Amino acid sequence: MKSATAKQFMLLDGKPLLWYSLQAVEQSEIIDDCILVTGERDIPYVRKEIVDKYGFRKVNAVVPGGSERWESVGKGLAVLQDESRRFPNRNGYVFIHDGARPFLTEEIIRNTFEAVQIYHACVAAVPSKDTVKLADENGFAVSTPDRRRVWTVQTPQVFDTDLIVRAYASLWEKAEAVGKENISVTDDAGVVELFADCPVKMAEGSYRNIKITTPEDLKTAETFLHL
């Protein structure tokens, strides 16, 4: 992002980027509560300047993450196994969402919720608008998948709680055996694909459900807000 400020705390129309997804969670009729995973040194700031300041009552816990996305998700899931904590629906479903995607909507939440109740594992996704090429290690095209079967995956990614907890437990066991640096998974669906005998369903997301990665993305997000 070419900024000293972590992108989830950068301002979008006067509010931290993270505020938008937390607000969607807070207003949702489907989601009961929220475990917020952030950098360890950012926890006091997140509690005071985001959770408390904006009154996000559904945030049940703020916990430190890891150096990789999968580690952060794993640490969030570990909180569910802490019997000393209160969770309204501990054994229901887990929605895993990236705080850098500010355009989470109740429609997306409902689409994924309906899918997970049937298929046990699903991700918000949209059909690819672009032709995709698979390349070799030298950057030469080797195949062209049928675009009608290519989806761009987003978050939330939603799972039966027991399913995703078991899949991540297996991932942690592998990480301990081969070293964390040798783990290569980019999303939670990939963990389920590797460690659980359960196919992952594509559920309807939104082309506006973008991930803020570059300064250009922030400008696009500002445009979406004012449409």
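Biologist: Is Trp19 buried or exposed here?
Modeller: Trp19 counts as buried, with a relative accessibility of 15%, where buried means under 20% relative accessible area, exposed over 50% and partly exposed in between, using a 1.4 Å probe and protein chains only. Residues are numbered from 1 along each chain as its sequence is written, and the side-chain values use heavy atoms, with hydrogens and water left out. Keep in mind that this is a predicted model, in which local features need pLDDT of at least 70 and side-chain atom pairs count only at pLDDT 80 or more, while totals for chains, interfaces and linings use all residues.

Biologist: And which residue lies over the face of Trp19?
Modeller: Lys15 does, at 4.9 Å from the ring centre; the criterion is that NZ of Lys or CZ of Arg is within 6 Å of the ring centre and within 35 degrees of the ring normal. Arg208 is likewise placed over the face of Phe224, at 5.4 Å from the ring centre.

Biologist: Switching to ring pairs, how many aromatic pairs are there?
Modeller: The count comes to eight aromatic pairs, taking rings of Phe, Tyr and Trp (its six-membered ring) whose centres lie within 6.5 Å, with planes under 30 degrees apart called stacked, over 60 edge-to-face and the rest tilted. One of them joins Phe9 and Tyr45 edge-to-face, at 5.2 Å centre to centre and 65° between the planes.

Biologist: Where in the chain do Phe9 and Tyr45 sit?
Modeller: They belong to distant parts of the chain, 36 residues apart, with Phe9 in the segment before β1 (11-12) and Tyr45 in helix α2 (residues 43-52); helices (H or I, at least four residues) and strands (E, at least two) are DSSP runs numbered from the N terminus. Phe9 is buried at 9% relative accessibility, whereas Tyr45 is partly exposed at 37%.

Biologist: What about Trp19 and Tyr20?
Modeller: Trp19 and Tyr20 also pair edge-to-face, 4.9 Å centre to centre with 90° between the planes, and ring pairs link Trp19, Tyr20, Tyr54 and Phe56 into a cluster.

Biologist: Which residues touch the most other members of the largest nonpolar core?
Modeller: Of its 32 residues, those are Leu22, Leu36, Val51, Phe56, Val59 and Val62, a core being a set of buried Ala, Val, Leu, Ile, Met, Phe, Trp, Tyr and Cys residues joined through side-chain atoms within 4.5 Å. The largest share of this core, seven residues, comes from α1.

Biologist: And what does Leu22 touch?
Modeller: Leaving aside residues up to four places away in sequence, Leu22 touches Cys34, Leu36, Ile50, Phe56 and Val59, where contact means heavy atoms within 4.5 Å. Apart from this core lies another, of 29 residues, among them Trp70, Ala121, Ala189 and Val200.
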